[in-house]
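Have a look at it first, and then we'll pick through a few spots inside.

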Amino acid sequence: MTAIKHPAATGAPLSFECELPDPPEKVWRALTEPELLAAWMMPNDMKPEAGKRFAFAGPDAPIECEVLEAEPGKLLRYSWRERPGADADRLPAFDSVVTFTLEPTVSGGTHLSIVHDGFVPATHPVVALAGAGCGLSLDARKNPTAANAPFMMLRAA
């Protein structure tokens, strides 16, 4: 897994794609049901409806999000903004957008695309999706998530 310390330095989005054996409906559940999402990310109060605000219980402070688009089984896009924590040794601050695109495969699985982009310098740090393939890293210095995180999330679903 590759940790990206300063994603905005390149201006490029963080993009990952992978093939999952489970159908889009199951992947959607892992991305949108609070209990299942918490099993591979963080505790949250997610409601997959456009305009709904929710928060992840980040390691130091809540991460504030708002659902920008939600098309069940196909597309989930939300804003991502971490509030300041007490820890002064943090990553640079960014506001950003995370997009999950789910497409059915001919074998009945899911082609999952994750794009974390729109990094705008902010006054608060952000925890960014980072890694290789479909790996996810949440503040890699403190809470690394295994490179098989999409498979971990599906086990929870």
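L102 counts as buried because its relative accessibility is 3% (buried means under 20% relative accessible area, exposed over 50% and partly exposed in between, with a 1.4 Å probe and protein chains only). A heads-up: this is a predicted model, where local features need pLDDT of at least 70, side-chain atom pairs count only at pLDDT 80 or more, and totals for chains, interfaces and linings use all residues. Residues are numbered from 1 along each chain as its sequence is written, and side-chain values use heavy atoms, with hydrogens and water left out.

**Around L102**

- You'll find L102 in strand β5; strands (E, at least two residues) and helices (H or I, at least four) are DSSP runs, numbered from the N terminus.
- Not counting residues up to four places away in sequence, L102 touches P24, V27, W28, L31, G73, K74, L75, T110, H111 and L112, where contact means heavy atoms within 4.5 Å.
- L102 and E71 sit 31 residues apart in sequence, and their C-alpha atoms are 9.8 Å apart in space.

**The nonpolar core**

- The largest nonpolar core has 28 residues; such a core is a set of buried Ala, Val, Leu, Ile, Met, Phe, Trp, Tyr and Cys residues joined through side-chain atoms within 4.5 Å.
- M41, F56, L76, Y78, W80, F100 and L112 are the residues with the most contacts inside this core.
- Two or more core residues come from each of β1 (14-20), α1 (24-32), α2 (34-40), β2, β3, β4 (75-82), β5 (93-104) and β6.

**Strand β2 and its partner**

- β2 runs antiparallel to strand β3 (residues 63-71), and four bridges join them; two strands pair if DSSP finds at least two bridges between them.
- β2 and β3 make a hairpin, with six residues between them.
- Across from R53 you'll see E66 in β3.

**F56 and the rings**

- F56 is buried, with a relative accessible area of 1%, and F54 is buried too, at 4% relative accessibility.
- Leaving aside neighbours within four places in sequence, the contacts of F56 include L37, M41, M42, P43 and W80.
- Searching the whole structure turns up six aromatic pairs; rings of Phe, Tyr and Trp (its six-membered ring) pair if their centres lie within 6.5 Å, and planes under 30 degrees apart count as stacked, over 60 as edge-to-face and the rest as tilted.
- F54 and F56 form an edge-to-face pair, 5.4 Å centre to centre with 75° between the planes.
- F56 and Y78 have ring centres 6.2 Å apart and planes at 50°, so this pair is tilted.
- That pair links distant parts of the chain, since F56 is in strand β2 and Y78 in strand β4, 22 residues apart.
- Ring pairs tie F54, F56, Y78, W80 and F100 into a cluster.

**Two spots on β6**

- H116 belongs to strand β6 (residues 110-125), and H116 counts as buried because its relative accessibility is 0%.
- The side chains of H116 and S96 make a polar contact at 2.6 Å; that means a pair of N or O atoms within 3.5 Å where, within protein, one must be able to donate a hydrogen and the other to accept it, and residues adjacent in sequence count only if both atoms are side-chain atoms.
- V120 is in strand β6 as well, but V120 is partly exposed, with a relative accessible area of 44%.
- V120 and S96 are 24 residues apart in sequence and 6.4 Å apart in space, C-alpha to C-alpha.
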